[in-house]
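Okay everyone, thanks for coming. Have a look at the screen and I'll talk you through this one.

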Amino acid sequence: MNQEKAATEASDAMLVRGSNSRGRARVSHAVVVIFLEFFAWGLLTTPMLKVLHETFPQHTFLMNGMIQGVKGLLSFLSAPLIGAMSDVWGRKSFLLLTVFFTCAPIPLMRISPWWYFALISVSGVFAVTFSVIFAYVADITDEQERSTAYGLVSATFAASLVISPAIGEYLSAQYGDSLVVLVATVIAVADIAFVFFVVPESLPDKMRLSSWGFPISWEQADPFASLRRVGKDSTVLLICVTVFLSYLPEAGQYSSFFLYLKQVIKFSPAAIAAYIAMVGILSIIAQTVLLSVLMRTVGYKKTVLLGLSFQVLQLLWYAFGSESWMMWAAGTIAALSSITFPAVSALVSHSALPDQQGVVQGMVTGIRGLCNGLGPALYGVIFFMFNVELDEITPVTAESSQSVIPGPPFLFGACAVILALGVAIFIPDHHRSPEDKAGSISTTHSQSANPLAIPTSDTEDHEPLLQDSSM
């Protein structure tokens, strides 16, 4: 009987690991999906700015902020639900869903600009690929290698997003916007096909089958309920506030920085392409080699603090810098600051139960989605208030070119990150205890020891929260 019991337990363990080994789910699958999706969208940077100006001739960047704001709000509302559903029914189906609807607006740019912008706004419901990807990575990596894997995914995102705009601008200048949209559409279709035909399921069969029929409560799908619950624990609240304050200026910077370099700092197209390549390469190095070294040597909290410090420095340099060399120096610091979010993501994953990775990452991605909406709008309003018109047609006014602060939104961003740095300092520095690490095996003990533990038997209290308050 003992031998039969041991054989049954061994087969069960093989079943949990089997989906990974049988399907050969790897981090490289997540890397390819992220690269193709954001490379396709990055190609459209220059054409989209032109279409924005043609569709909304006045206050182009304000309208861009409104569109991105609706998208970000919808992403914030839907991220916890999609993450929770991927915990129940697997990652692949929801990865396919998010990639498909995120890329769906691309071909409409040349067909109908109004439908294009409308679909972009509505696609925010499914624009949460990162939450599913991070959960995918968490399924197939152990705790020691997870931070490095997150850094690789984030570095791939940075590389695709900073390289593709320069390629798109070159293709647009040489062959027209129609070709750029066609190339982006082909890459998007290739990404969808890759997910459908190549990407295997990462969630173990046993974990998925045991979850069938388990109801997803309203508390799991309601982002405001989860945020209210988060506020009851000081450590979780500090982490979420840090993410919000640090990513808000980063999202605004992504929406306007290339035009800022061209219009205010007078970068040539060749200089912009070189700048993008430099920042992209340095970001990859920072988010792989540097991040891995820092996570092993100084830990989660100090890595986050160091990344925030780099971000403050680069934003201040962007705000007050008026010479080209200052932008190049700030870009180097910006690449170093890119370690912040993967470090936070590793911290969140470290603190969550194995079957709650999608829900927890969905909560953090929802906060980032909210920033993706608020950031561009805030940057557009501040540029407008200081008479800095980021428009390819309207030249920079004398007033804006002689301003003491050439980049006012970046100064606002620096102030926000300084607040984030002050908040992050108070995050506890202790590590999770061995008893807490065994929470997935003995949930009763972890719940009694920690008020943030996610109960597995009470559906009314099953929310996307961090399991404990460790760093």
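So, I285: it's partly exposed, at 44% relative accessible area, where partly exposed sits between buried, under 20%, and exposed, over 50%, using a 1.4 Å probe and protein chains only. This is a predicted model, where local features need pLDDT of at least 70, side-chain atom pairs count only at pLDDT 80 or more, and totals for chains, interfaces and linings use all residues. Numbering runs from 1 along each chain as its sequence is written, and side-chain values use heavy atoms, with hydrogens and water left out.

You'll find I285 in helix α15, residues 269-297; helices here are DSSP runs of H or I, at least four residues, and strands are E, at least two, numbered from the N terminus. The whole protein chain has 23 helices and zero strands.

Now go inside. Of the 471 residues in the protein chain, 56% count as buried. The largest nonpolar core has 101 residues, and L44, F117, V153 and F410 touch the most other members. Helix α2, residues 27-43, gives the largest share of this core, 11 residues. By nonpolar core I mean buried Ala, Val, Leu, Ile, Met, Phe, Trp, Tyr and Cys residues joined through side-chain atoms within 4.5 Å.

What does V153 touch, beyond residues up to four places away in sequence? A30, V31, I34, F130, I133, F134 and V137, where contact means heavy atoms within 4.5 Å.

Last one: D177, in helix α10, residues 177-197. D177 counts as buried, at 14% relative accessibility. Leaving out neighbours within four places in sequence, D177 contacts P47, K50, R110 and S172.
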